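Here is a short report on one protein chain. Look over the sequence and the model, then read on.

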Amino acid sequence: MLLFPDIEANISALRAGRIDVTVLSSPTVIGLLASGKLKGLESATPFVTTDEQATYAAVAFRSEDGDLRALWDERLLALTKDGAVTKVMARYGFGETETVPDTVTVEKLCGTAGAGK
């Protein structure tokens, strides 16, 4: 296993034959495919893992900003329910694979009391 400083170094090593495979996040692969930077390379997406923490992005708040976190959670829930989140994700090439399931919660991932997902 080799570690590289950035995505470009990963892709360069793959093209040069220094590595046989690289694992990147779904959003990264979607962006690289859209930019044409993966031409000549094969993408094997989606990459499925059983570790929910490894597959989703998150927003962090300072513990003293509970009101801001609650407002964020409230607005995100409304945008999710009315389909706006799905539309924005689709606009950037994200689909069902990148959608966070309702089973993923702050409590489940962090083991702490918190509001929302």
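**Helix 1**

In helix 1, which spans residues 7–16, the residues Asn10, Ile11, Ala13 and Leu14 are buried. Buried means under 20% relative accessible area, exposed means over 50%, and partly exposed lies in between (1.4 Å probe, protein chains only). Helices are DSSP runs of H or I with at least four residues, strands are runs of E with at least two, and both are numbered from the N terminus.

Look down the axis of helix 1: its buried residues fall within an arc of 160 degrees, so they line one face of the helix. The arc is taken from the directions that run from the helix axis to the C-beta atoms. What do these buried residues of helix 1 pack against? They pack against helix 2 (26–35). Contact here means heavy atoms within 4.5 Å.

Now the two ends. Asp6 caps the N-terminal end of helix 1, with a side-chain oxygen 3.3 Å from the backbone nitrogen of Glu8. After helix 1 comes Gly17, whose phi is positive, near 80 degrees.

**How the model is read**

This is a predicted model: local features need pLDDT of at least 70, side-chain atom pairs count only at pLDDT 80 or more, and totals for chains, interfaces and linings use all residues. Residues are numbered from 1 along each chain as its sequence is written, and side-chain values use heavy atoms, with hydrogens and water left out.

**The whole chain**

The protein chain has 5 helices and 0 strands. Along the sequence, the pattern reads α-α-α-α-α. Of the 117 residues in the chain, 16% are buried. Take the contacts with a separation of 6 or more: residues 24 or more positions apart account for 39% of them. The accessible surface of the chain is about 9,000 Å², and carbon and sulfur atoms hold 58% of it. Such areas come from the Shrake-Rupley method with a 1.4 Å probe; for residues, only the protein chains shown count as cover.

**Two loop residues**

Ser43 sits in the loop between helix 2 and helix 3 (66–81). Val59 also lies in the loop between helix 2 and helix 3.

| Residue | Relative accessibility | Class |
|---|---|---|
| Ser43 | 32% | partly exposed |
| Val59 | 46% | partly exposed |

Which residues does Ser43 touch, leaving aside its neighbours within four places in sequence? Ser43 is in contact with Val29 and Leu33. The C-alpha atoms of Ser43 and Leu33 are 8.6 Å apart, and the two residues are 10 residues apart along the chain.

Definitions and conventions: Polar contact = N/O pair within 3.5 Å; in protein donor to acceptor, adjacent residues only side chain to side chain.
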